[in-house]
Structures are given as C-alpha cells and as structure tokens.
Amino acid sequence: MTNLRAIPSIDEIVNNCEIKPLIDLYNRDFIVNQVRKVVDGIRQELKEKRDSVLSENIMTEIINRLKRQVQSISSGTLQKVINGTGVVLHTNLGRAPLGKTVLDHIQHIGSSYNNLEMDLEKGERGSRYYHVEELLRQLTGAEAALVVNNNAAAVLLGLTVMAAGKEVVVSRGQLVEIGGAFRIPDVMKLSGAKLVEVGTTNKTYSSDFFSAVNEETALFFSAHPSNYKIIGFTAEVSMRDLVILGQNFDIPVFMDLGSGILTNVDRYGLHGEPGVRDCVQAGVDIVTFSGDKLLGGPQAGIIVGKKKYVDMMRKHQLLRALRVDKLILAALEATLLEYLSGNPEKSIPVINMLAQNIEQLELKAIGLKEKILEKLADSGKIRQISVINIEDMVGGGAFPTYTLPGKGIEIEFADISLEAISKKLRMMKPALITRRQENRMLISVRTLLAGEDSVIVNMLGEALYTMI
Ligand SMILES: *Cc1c(COP(=O)(O)O)cnc(C)c1O
C-alpha cells in the first residue's frame with residue numbers, strides 16, 4: 001500500500017541517478033517542473049484512492065511517468081506526415097510541400113544577414129515589399145504586386161484600403177466560408193466595408209450589380225467559390241461582364257481567386273478555372289491568391305493588379321500587421337523562379353503531383369505493392385493487396401468538383417481492425433495518413449514523395465508485427 005508519505009521529496013527525485021541524465025540533456029527548471037507535475041498527479045490519485053495505478057516501487061513509477069512526459073513534450077508537436085490520401089493540397093496537412101531549390105534558398109537567405117529592407121545600390125533603407133514584385137509582374141502580366149502573410153490578409157487589406165466605410169457589391173452565390181473559417185461577410189465587416197448582397201444563391205446577373213450601384217459603391221467583389229459548386233440552374237456574372245460594368249461606372253473589380261494558377265493546368269486535365277494572368281488580362285483591378293495552394297509555395301497572400309491600388313495598400317498602416325517574413329519571401333522567390341524557368345512540374349512538388357500521368361502512377365503503385373509483399377507476405381496479416389484505380393483531388397479550394405484519375409493500393413488485413421492499424425500508422429513518426437473503403441485501407445500514390453514508399457513498407461511492418 002502506498003500512502004502520501006511514501007512519495008519522495010522533489011530533491012530526492014531530482015538527484016536520483018536515473019533523472020540526472022535528463023538534467024544534462026534539458027534545462028533543469030523544465031525537469032524540476034515536470035517532476036512536480038508528476039508528483040502532484042500521483043498525490044491527487046492517492047487522495048482519490050486510485051492507488052491501484054501505482055506500482056510497487058513509487059520511485060520507479062515516478063521515473064517512468066517523468067520519462068514519458070519529458071519525451072512527449074520534448075519531441076514538439078509538429079512532425080512529418082506521409083500523405084496517402086491523394087488530396088494534393090490538403091489543408092490539414094500543411095498544403096504545399098516545398099522542393100529542394102526552395103529549401104536551399106530559405107537556408108541561403110535565413111542563415112545570414114540579407115537585404116530584406118536595404119537598398120544596396122543607394123546604401124539606404126529599402127522596403128521588403130518590393131522583393132518578388134518584378135517576378136510577379138513578369139509571371140502574371142500585372143502592373144504591380146504586393147505580398148502579405150496569407151490570402152485572408154490580402155483580402156482584408158484590399159477591402160480596407162479600397163472600400164472601408166463604403167459599399168461593396170457581391171453576388172449572394174459567393175458569400176462563402178472557405179476552409180479554416182474564412183468567411184467573406186465577416187472579413188468584409190472587419191474591413192469596415194459595407195456588404196451589399198445581390199442576386200440569389202444560384203443566380204446572379206449583371207443587372208443585379210447594375211441596380212446596386214449608388215454614390216456609396218466603392219467596389220465590385222468576386223470570390224472564387226473554392227470548396228463548393230452550385231449545380232443545376234445557375235448563373236453567375238462572368239469576369240468579363242463584371243469588368244465592363246466596373247469600367248462603365250468607374251468602379252474597380254476585386255477578385256479573390258484563392259488558388260493562384262500560374263501555369264497551364266489544362267494539360268493535366270484540369271479545365272475551367274481562370275489563371276491569374278487570365279484575370280489580369282480580363283481587366284480585373286486587383287486579384288488575390290494564396291502562395292501555398294496551386295502555386296505550390298509557402299503560405300503567403302499575393303496581391304497583383306493596378307499600380308494605383310497596390311500603391312495605396314503599400315502605404316496603409318494595416319500592412320505592417322500583415323507583413324511577410326524574410327523566410328517566406330525567400331521561399332516565394334525561389335518558387336516563382338521555378339515558374340520563370342518554364343518547368344515548374346520538375347521542381348515544384350505540387351505541380352509535379354498534378355503532372356503525373358496514369359501510367360507513371362500505376363508503376364508507382366505496382367512498385368509499392370511489390371515492396372509490401374516482399375517484406376510482409378509472410379506476416380500472415382495481409383489477406384489481400386491489389387493495385388486499384390482511385391480518385392485523387394486537387395484540394396486547397398481548387399477544382400472542387402474535379403477528381404483526378406489516380407492509382408493506389410488497397411489492403412485488406414487479416415484479423416486486425418482497420419481502425420487500430422490506421423491509428424497506429426498515424427501515431428508513428430513520420431505519421432501515415434491513409435483513406436479507407438469499407439474494411440480496406442487505401443493508399444494513393446500520387447501524393448507520396450520520393451522514397452516514401454520504402455518508409456511506408458517499414459511502417460506497415462512495424463505496425464503489423466507489434467499488433468496481435
Ligand atoms: C483559400 C482561400 C482563402 C484563404 O486563403 P489563405 O491563404 O488560406 O488565407 C480566401 N479566399 C479564397 C477564395 C480561398 O480559396
């Protein structure tokens with residue numbers, strides 16, 4: 001029987017020879033605090049008479065709990081995940097993974113001082129807001145460009161600068177909430193602009209915009225309906241018509257594109273979404289999009305369009321609160337340079353994943369299946385494994401109704417619950433996220449990066465041999 005008095009003093013615990021190595025590895029205060037936490041927990045349990053949770057030797061129990069706790073905190077919370085879902089831009093999985101040239105540029109710029117805010121030619125203070133502007137101008141055809149923290153920030157800044165205290169006309173079909181609680185009406189309110197809804201959820205015409213115009217109208221706003229599509233009897237004002245209407249009334253048009261497409265994605269079988277250049281060419285005054293969606297770069301909000309408006313945004317105090325960091329600028333610059341090179345599918349992982357054709361995917365899937373069989377056929381835990389057709393998705397709010405024909409493997413386990421093994425794989429480092437279909441596990445190969453097939457085989461092996 002253990003009682004409260006049997007708990008050793010904090011000093012005694014800290015000086016125990018098994019704890020000493022921890023103090024060498026970590027900050028002493030951190031370890032002492034964790035010891036206190038463990039002891040408090042045990043005291044509480046004893047008071048509640050749950051003493052059965054304690055082992056014979058209280059010091060061993062304390063040491064074990066302490067090690068587990070320190071291990072759990074000291075490994076941080078962010079970790080690598082292998083994406084077996086086939087959703088290329090998975091918002092829960094950090095959207096776009098970055099390629100080597102991008103990471104090298106982050107390393108290059110981040111590990112030394114740099115000219116973030118220095119004009120090297122004049123030897124005076126410069127502005128961070130001009131980096132990557134020329135690249136964005138070249139790639140989109142826009143007069144001016146500005147980068148902020150994310151696309152939500154870009155929309156907030158744009159609305160604040162162009163329409164605070166004034167009216168903004170938006171189609172009811174576009175009053176959307178986009179992943180992670182980005183709601184157009186709420187952002188509108190935050191900016192101080194007054195939302196004027198026109199049309200209906202499924203049908204909005206040019207004439208609806210026309211009738212809404214008055215002295216107070218500052219902006220026509222259009223948001224890409226990123227994660228849904230209204231089907232059936234629908235009508236939305238085309239970009240061209242909105243631009244013509246805007247020009248007639250001298251009212252600027254703002255387009256929140258969400259996913260910024262800078263390359264021709266039609267060749268990957270993705271049709272019908274306007275690229276950034278299309279919007280600029282159509283005469284849209286301001287276009288905003290994310291850096292980490294189809295662009296395939298770091299989290300960022302990119303604003304391109306007429307110089308007059310971009311300059312106003314550059315001068316606004318709100319920009320200071322939304323400003324972009326040097327590591328992000330480095331990553332974005334390197335990503336944009338890959339587009340300039342003309343072969344983004346070679347070096348930008350997201351574009352590379354979209355570009356993989358069905359034959360390549362099938363080879364990848366066969367390779368994975370064979371590796372698994374080679375290593376795990378003898379385990380007796382795999383009842384069936386096969387290469388299957390699978391539907392992949394772009395994700396990240398682009399092409400919401402499109403699926404990409406993909407390939408994957410389907411595994412049926414013997415005598416193991418799918419739930420249990422899926423969880424086991426999620427809890428490993430790296431973690432593996434899979435899909436399921438009834439009692440079978442699906443792993444899409446499109447979203448697997450180079451070398452991850454071997455890692456998956458080892459993970460499955462470890463999971464299967466430790467599960468009974
Ligand atoms: C994704 C998206 C946003 C939010 O962009 P973040 O970069 O995540 O802040 C805003 N508008 C649209 C249309 C989107 O698709």
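Modeller: Rolling a probe the size of a water molecule over the atoms shows where empty space is left. In this predicted model, the largest cavity holds about 40 Å³ of space; a cavity is a set of points on a 1 Å grid over the protein atoms alone where a 1.4 Å probe fits but cannot get out. One cavity of 30 Å³ or more is counted. Local features need pLDDT of at least 70 and side-chain atom pairs 80 or more, while totals for chains, interfaces and linings use all residues. Residues are numbered from 1 along each chain, and side-chain values use heavy atoms, without hydrogens or water.

Colleague: Which residues line the largest cavity?

Modeller: Lining residues have an atom within 4 Å of a point. Here they are Arg128, Tyr129, His131, Val132, Glu133, Ala145, Leu146, Val147, Val324 and Leu329. Strand β5 (residues 144-148) gives the most, three residues; strands are DSSP runs of E, at least two residues, and helices of H or I, at least four. By class, seven are nonpolar, one polar and two charged.

Colleague: How much space lies in the largest pocket?

Modeller: A pocket is an open set with protein on both sides within 12 Å along at least five of seven lines. The largest has about 1000 Å³. Its lining counts 36 residues, with Val81, Ala96, Pro97, Leu98 and Leu449 nearest the centre. Elements giving two or more residues are β1 (81-83), α5 (100-110), α16 (349-355) and α19 (452-466). That lining has 17 nonpolar, 13 polar and six charged residues.

Conventions:
Grid points are joined across faces, edges and corners, and a volume is the space filled by probe spheres set on the points. Ala, Val, Leu, Ile, Met, Phe, Trp, Tyr, Cys and Pro count as nonpolar, Asp, Glu, Lys and Arg as charged, and the others, Gly among them, as polar.
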